[in-house]
Every structure is written in structure tokens, then in C-alpha cells.
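Good morning. I will go through one model today, a few residues and surfaces at a time. Please have a look at it first.

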Amino acid sequence: METEPGGSPYVLMEDAIQKARILIEALPYIRSFNKKYVVIKLGGSAMEDEECLKKILQDIVFMAQVRMKPVIVHGAGPMISGEMKKAGLVPRFIDGQRYTDEATLKIVLRVMTETNRKIVSL
């Protein structure tokens with residue numbers, strides 16, 4: 001039986017059994033979403049943690065494999081604010097919504113394009 005470096009066959013088997021239990025429990029939900037669109041909001045904060053992002057994207061790939069139709073709606077708020085500060089702009093919010101003037105819009109478009117490319121490449 002193969003093991004991961006430093007891992008024991010027992011630990012790997014227990015991990016596989018736990019995953020199987022989760023899949024069995026999830027099966028009714030998976031079936032109920034067969035061929036249905038599922039919208040996933042991927043917040044900008046999740047985009048900053050690459051390991052977290054990879055795990056989420058693996059789950060989304062799994063959803064597609066079981067015939068769900070995942071649609072990702074992502075943010076990039078922290079990255080946009082960071083780029084605005086680098087450009088000497090102060091992020092403004094009105095009733096919780098980002099105020100987007102022409103200078104901000106250029107940054108938003110660039111950051112969102114970079115974010116899209118990152119998601120696709122991962």
C-alpha cells in the first residue's frame with residue numbers, strides 16, 4: 001500500500017473512508033442539482049489566500065464533474081483597494097458600495113481581468 005511521505009497506510013485509509021462518508025451523505029444534494037446552474041460567490045478575501053482558493057476551485061471542478069453547472073461570481077475588493085492606494089487614490093464607499101469614478105474604474109477593470117486570469121489558470 002502506498003503512503004504519502006511520512007504518512008501511514010492507516011491514516012490514508014481513514015482519510016479515504018471519511019471522504020466516502022461525506023460523498024454518500026452529499027449524494028442526494030448532488031442529484032438534486034444535476035444539470036442545474038449553481039452560482040458561487042467567491043469573495044475577494046478568499047482570493048488573497050491561494051491555498052484556500054485552490055481548494056475552492058477543486059470543489060468547483062468536482063461540481064462540474066457531477067454534472068452541476070457552476071458559475072463563479074468573484075470579487076476583488078481588497079486587491080482593488082490596495083491598487084488604489086498604490087495609485088494615491090482613497091477608496092470611497094457610499095452605503096456600502098464602492099464609488100467608482102473614471103480613475104477607479106481603470107483600476108477595477110485591470111484588477112478584475114488579472115483576477116479572472118488567475119482563477120482560470122488555477
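Is K35 buried, partly exposed or exposed? At 48% relative accessibility, K35 counts as partly exposed, because that class runs between buried, under 20% relative accessible area, and exposed, over 50%, with a 1.4 Å probe and protein chains only.

Before going on, two notes on the source. This is a predicted model, where local features need pLDDT of at least 70 and side-chain atom pairs count only at pLDDT 80 or more, while totals for chains, interfaces and linings use all residues. Residues are numbered from 1 along each chain as its sequence is written, and side-chain values use heavy atoms, with hydrogens and water left out.

Back to K35. K35 sits in the loop between α1 and β1; helices (H or I, at least four residues) and strands (E, at least two) are DSSP runs, numbered from the N terminus. Phi of K35 is near 60°, a positive value in a residue other than glycine.

R67 also has a positive phi, near 70°, and is not glycine. The loop between α3 and β2 holds R67, which is partly exposed at a relative accessible area of 46%.

Next, the surface. Which residues make the nonpolar patch of about 400 Å²? They are Y37, V39, V71 and V73. The elements that give two or more residues to this patch are β1 (37-42) and β2 (69-74). A patch takes residues with over 30% relative accessible area and no salt bridge, joining like charges within 9 Å and nonpolar side chains (Val, Leu, Ile, Met, Phe, Trp, Tyr) within 5 Å. A salt bridge is a side-chain nitrogen of Lys or Arg within 4 Å of a carboxyl oxygen of Asp or Glu. Accessible areas come from the Shrake-Rupley method with a 1.4 Å probe; for residues, only the protein chains shown count as cover. V71 lies in strand β2 and is partly exposed, with a relative accessible area of 34%.

Last, two residues and the distance between them. M13 is in helix α1 and, at 41% relative accessibility, counts as partly exposed. How far apart are M13 and T104? They are 91 residues apart in sequence and 51 Å apart in space, C-alpha to C-alpha.

That is the end of my part.
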